[in-house]
Amino acid sequence: MNALQSAELPLSSAQAAQHPASIRYHGLDALRAWAMSMGVVLHAAWIMTPGSSGAPKTDASASPWMDYLAGSIHMFRMQLFFVLAGFFACLLIRKRGAWNFSTNRLLRVGLPLLLFWLVLRPPMTAQFYEAQIQSGEIQGDKTAWGMVQSDYQNMTAESVFTMHLWFIYYLFVTYIIVLLARTIVVIVDRNATFRDWLSSVFCRVLTSSWSVLPLAVLTGAFMLPMDDFFGIQIDAFSLYPIWSGLLCYVAFFMVGWFIFRNVDQLSAMLRGWKWQLAVGTLLTVPFYFFALYTAHNGYQTWRYPALTVHDMHYDPATNEPLYPQFREKLLSAGENTIAGVALRMLSQPNQQFLRENPTATENQMSGLLTALNTDVLAKAEFSEQPSSTAMGELSPRERAILELPSQDRNPGDIQRLNREILQAGFAGILWSEDINRPNYRAIRIAYCVIYSLTTWMLIFGCIGFTQRYFNEHSRFWRYFSDASYWIYLMHLLVQFQILLWVGDQPWHWTLKFGFYVFATLAALVPTYHFLVRPTWLGWLLNGRMQSIRKARTATTTEHMNAAA
């Protein structure tokens, strides 16, 4: 052990004498539990984010502070977990071998993913729809459970809603990719020459004073092709991963893997954790305002060609979407204009809402744009109805699609064509596709650089913090580590229900936020302790089935021995 290790992040003498795969890394255990349970805080803030954030509906006490908090946590939480997952995966393979590791991950990750998706998907989707009905995002006489039933009837691999379990799904796919790659490398690199060389390269990078820079370049390069200004792009509505996003998470996983391969240099890797944590935290502030700029200036059209509220121009004076102009354009349009055709294609409840409501919340606007996605953009006949004048405003590519017979156009072409027609009819109200906008490349590069750099600073800062202050055995943190998996799996079900019950209450945002967090924990910690920990479910999630009576007996015995 070098002097730096003993000075900054000391190991106990018992730890120093053990093989790295036999050491219990208590600080990283605690951090893994934090990263998983932080979802309770993140999603409470997400629900209370102003505007159309993707939550079931916006809480009445929404605050920009919650927007900042949610965005800051989102910048590093999942990436941190993938780094820790890679670290512990390498440890477990060293300790038990690849076959036992595969069996372990199938039981602890694959089986809970399937089980909890089957159990949680119906009620959580019903909660989501019920909240959208309450907020006016869904118009008409539809019922939440009726819409759930329709979802199941029309479900395909491309429309499977994985909810918050997308993370476990992507992690499970990552395990498969890494195991297959490792098997091939082990066969080809029998003497481990390549593996040792690659490990030494990563060791030099990870122990350098500016390790965050090359790592930020690595993950930033993976992020650059993504058409997404909300971090790493994933798709929670499909079993087909977005490969750029998945490979980005694989990169974080592999960094964690190489950290373990060089774990004897862990202290050198973390020697700058204090300034990294401080600078990374400070960078979240300008990044928040940068994210607002991209959102309100048409650079967050990340679902193109589908429409979201961020695809609308914002009024610079009020910082509100141009809904009045959008509504006026629809209601005053002539019969053969683009807006006139689009209005007639909307359902009667949505047409009625437009006529009766001169103003709208962002949830209601989101519902109208979602209706345009399904009733207009996805319909082949839309491009055949507007006047030829409007068609003349299309790009050469879209005009070429228009010249094709309807049966020869694929769904993607139809939606892109219809979106461009819609943009022509709502000039100055709807943004064009962001990748065709001026300065897009520079803004995209700046976004990826700032995001990746801040992410890695916060990751190393958090690892260094917990290794410094929590790297001792603690029954509390061990218990919390076990409970965090259950809390992660179930917390959104509880928080969505709280939203349905009290989301419209005008409490102060600090009280409401605290209620979302602590009421969720108050519901899930006792259920874990009494209904999960001593049962087969506790074994499935944590690898052991802890009897409550035995646990109390062991605690009593421990206290008696300490007194003696």
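Predicted model: local features only at pLDDT ≥ 70, side-chain atom pairs only at ≥ 80, totals over all residues.
View 1. Residues are numbered from 1 along each chain as its sequence is written, and side-chain values use heavy atoms, leaving out hydrogens and water. The volume of this second largest cavity is about 50 Å³. Around the cavity you will find Leu 28, Val 83, Leu 84, Phe 87, Ile 259, Leu 266 and Ile 463. Helix 5 (residues 77-96) gives the largest share of that lining, 3 residues; helices are DSSP runs (H or I, at least four residues) numbered from the N terminus.

**View 2. The largest cavity has a volume of about 90 Å³.** A cavity is a set of points on a 1 Å grid over the protein atoms alone where a 1.4 Å probe fits but cannot get out, and lining residues have an atom within 4 Å of a point. Points are joined across faces, edges and corners, and the volume is the space filled by probe spheres set on them. By this rule, the model has 3 cavities of 30 Å³ or more. For the largest cavity, the lining is made of Arg 24, His 26, Asp 29, Ala 30, Glu 472, His 473, Ser 474, Trp 477, Arg 478 and Ser 481. Sorted by class, 2 are nonpolar, 4 polar and 4 charged.

**View 3. Helix 14 (residues 323-331) packs against helix 15 (residues 338-345) at an angle of about 90°, with 7 Å between their axes.** Helix 14 and helix 15 are therefore roughly perpendicular (65 to 115 degrees). Lys 329, Leu 330 and Leu 331 of helix 14 meet Ala 339, Ala 342 and Leu 343 of helix 15, where contact means heavy atoms within 4.5 Å. The residues of this contact comprise 5 nonpolar, no polar and 1 charged. Each axis is a line fitted to C-alpha atoms over the stretch in contact, and angles run from 0 to 180 degrees between N-to-C directions.

**View 4. Leu 422 sits in helix 20 (residues 411-425).** With a relative accessible area of 0%, Leu 422 is buried (under 20% relative accessible area, 1.4 Å probe, protein chains only). Not counting residues up to four places away in sequence, Leu 422 touches Leu 307, Ile 338, Ala 342, Leu 372, Leu 377, Phe 382 and Leu 430. Take Leu 377: from Leu 422 it is 45 residues away in sequence, yet the C-alpha to C-alpha distance is 8.4 Å.

**View 5. Ser 199 belongs to helix 9 (residues 193-206).** Ser 199 counts as buried at 5% relative accessibility. Its contacts, leaving aside neighbours within four places in sequence, are Phe 258, Arg 261 and Asn 262.

**View 6. Met 163, though not a glycine, has a positive phi of about 55°.** Met 163 lies in the loop between helix 7 (144-153) and helix 8 (166-188), and is buried at 4% relative accessibility. Ala 192 also shows a positive phi, near 60°. The loop between helix 8 and helix 9 holds Ala 192, which is buried with a relative accessible area of 19%.

Note on methods. 1 Å grid on protein atoms, 1.4 Å probe; cavity = no way out; pocket = protein on both sides within 12 Å on 5 of 7 lines; lining within 4 Å. Nonpolar A, V, L, I, M, F, W, Y, C, P; charged D, E, K, R; others polar. Helix = DSSP H or I, 4+ residues; strand = E, 2+ residues; numbered from the N terminus. Parallel < 35°, antiparallel > 145°, perpendicular 65-115°, else oblique. Buried < 20%, exposed > 50% of the residue type's maximum accessible area, 1.4 Å probe, protein only.
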